[in-house]
Amino acid sequence: MSNIGSVSPELVRGVITTKLSDTQIESAISTAMVLYDSKLGSNASVSKALQIEIKRYLAAHFVSIHDPSSKPLKEKLGDASIEYQVNTSKLGDGFLSSVWGQTAAALDPTGALLGGTTVPPRWFALCS
């Protein structure tokens with residue numbers, strides 16, 4: 001089993017219950033890594049531990065997109081029935097369409113995952 005950028009299928013399974021195989025989860029991890037690198041890159045303000053958490057929740061977000069069993073809406077024990085949540089998110093919802101994406105965005109101190117800048121704002125005073 002490979003360990004892609006310190007995030008493994010076991011780490012992802014720690015935050016999402018899924019029927020996907022480790023290989024399928026590794027694919028979601030790869031997607032999460034590419035997205036993380038494009039949005040946050042090597043931002044020095046984000047600790048290694050926080051980077052791993054953000055990547056783990058991003059991977060879980062992508063797992064949730066591919067596995068409807070990760071989003072049960074209703075379960076019933078007598079006569080065993082289960083109903084899955086249908087993805088009703090709009091195309092523009094992005095990470096806010098899943099609790100895992102929302103968590104990744106909440107963990108991001110730069111705001112880059114929600115379209116913010118990775119450069120902290122600076123205040124300037126204009127004097128005449």
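Is Arg 13 buried, partly exposed or exposed? Arg 13 is partly exposed, because its relative accessibility is 33%. Here buried means under 20% relative accessible area, exposed means over 50%, and partly exposed lies in between (1.4 Å probe, protein chains only).

This is a predicted model, in which local features need pLDDT of at least 70, side-chain atom pairs count only at pLDDT 80 or more, and totals for chains, interfaces and linings use all residues. Residues are numbered from 1 along each chain as its sequence is written, and side-chain values use heavy atoms, with hydrogens and water left out.

**Salt bridges**

The structure holds two salt bridges. The term means a side-chain nitrogen of Lys or Arg within 4 Å of a carboxyl oxygen of Asp or Glu.

| Salt bridge | Closest N to O |
|---|---|
| Arg 13 – Asp 22 | 3.0 Å |

Asp 22, the partner of Arg 13, is partly exposed at 22%. In the other pair, Glu 53 is partly exposed at 25%, whereas Arg 56 is buried at 14%. Glu 53 and Arg 56 are three residues apart in helix α3, so about one helical turn separates them. An α-helix has 3.6 residues a turn, so residues three or four places apart point the same way.

**Helix α2**

Helices are DSSP runs (H or I, at least four residues), and strands are E runs of at least two; both are numbered from the N terminus. Helix α2 covers residues 22–39, which makes 18 residues. Gly 41 follows α2 and has a positive phi, near 50°.

Which residues of α2 are buried? They are Ile 25, Glu 26, Ala 28, Ile 29, Ala 32, Met 33, Leu 35 and Tyr 36. Their cover includes α1 (9–13) and α3 (48–66); contact here means heavy atoms within 4.5 Å.

Tyr 36 also has a charge over its ring: Lys 55 lies over the face, 4.8 Å from the ring centre. The rule asks for NZ of Lys or CZ of Arg within 6 Å of the ring centre and within 35 degrees of the ring normal.

**The core**

A nonpolar core is a set of buried Ala, Val, Leu, Ile, Met, Phe, Trp, Tyr and Cys residues joined through side-chain atoms within 4.5 Å. The largest one has 26 residues. Val 12, Ile 29, Ile 54, Leu 58, Val 63 and Leu 113 touch the most other members. Helices α2, α3 and α4 (99–107) each supply at least two residues of this core.

Methods: Expected span 1.5 Å × (residues − 1).
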